[in-house]
Amino acid sequence: MGKTIRFGVSLNSDLLDKFDALCEERSYPNRSEAIRDLIRGVLVEKEQQLGDAEIAGVLTLVYDHHFSDLSQRLVEIQHDEHDVILTSVHVHLDHHNCLEVLILKGPGEAIKRLSDRLISTKGVKHGKLTLTTTGQGLV
């Protein structure tokens, strides 16, 4: 971990007021921590754009398990890409609807490919991929 360096930032007073309001809304203890968080966010976004970089993600799917062979098709797709799936959780939301959550880790392209295949499977009502970092290289 590198040493801490102080530097100055010049901002328009209106922008600073909005930033301070954001810091308070999100419960940052100080501006420095908020700025560090913003920088980390940009670095994580950059990391996700590199197709071969290892990233982590959470994929959520909502579907009607009574839909013709849907559960079986989803399982088959997951088996095709098992190397990026760390774990999954299946929850019965009601008599028809299920929520499936997959925790993913691997090359960005593989995670996005798997997510696209699952989300676009006929019968899936909603799917969302949320990407993040494995934490490597972030301070």
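Select Asn97 and show what surrounds it: leaving aside neighbours within four places in sequence, Asn97 is in contact (heavy atoms within 4.5 Å) with Tyr63, Asp64, Val91, His92 and Lys125. Asn97 sits in strand E3, residues 97–107. Its relative accessible area is 15%, so Asn97 is buried; buried means under 20% relative accessible area, exposed over 50%, and partly exposed in between, with a 1.4 Å probe and protein chains only.

The model is a predicted one, in which local features need pLDDT of at least 70 and side-chain atom pairs count only at pLDDT 80 or more, while totals for chains, interfaces and linings use all residues. Residues are numbered from 1 along each chain as its sequence is written, and side-chain values use heavy atoms, with hydrogens and water left out.

**Helix H3**

Next, select Ile77, which is found in helix H3. Ile77 has 11% relative accessibility and therefore counts as buried. Apart from neighbours within four places in sequence, Ile77 is in contact with Leu114, Arg117, Leu118 and Thr121. Draw a distance from Ile77 to Thr121: the two are 44 residues apart along the chain, and their C-alpha atoms are separated by 9.5 Å.

Move to Asp83, in the loop between helix H3 (70–80) and strand E2 (85–92). Asp83 is exposed, with a relative accessible area of 56%.

Then go to Asp69, placed in the loop between strand E1 (54–64) and H3. Is Asp69 buried or exposed? Asp69 counts as exposed, at 57% relative accessibility. The phi of Asp69 is near 60°, a positive value in a residue other than glycine.

The next stop is Ser27, in the loop between helix H1 (13–25) and H2. Ser27 is not a glycine, yet has a positive phi of about 65°. With a relative accessible area of 60%, Ser27 is exposed.

**The whole chain**

The chain has 4 helices and 4 strands; helices (H or I, at least four residues) and strands (E, at least two) are DSSP runs, numbered from the N terminus. Along the sequence their pattern is α-α-β-α-β-β-α-β. The radius of gyration of the chain is 20 Å, well over the 14 Å that the globule rule gives for 139 residues, so the chain is more spread out than a compact globule. That radius is taken over C-alpha atoms, and the globule rule is 2.2 Å times the number of residues to the power 0.38. The C-alpha trace spans about 60 × 30 × 20 Å along its principal axes.

Of the 139 residues, 27% count as buried. Among contacts with a separation of 6 or more, 65% are between residues 24 or more positions apart.

**Confidence**

Finally, colour the chain by pLDDT, the predictor's confidence in each residue, from 0 to 100. The mean pLDDT of the chain is 91, and 96% of its residues reach 70 or more.
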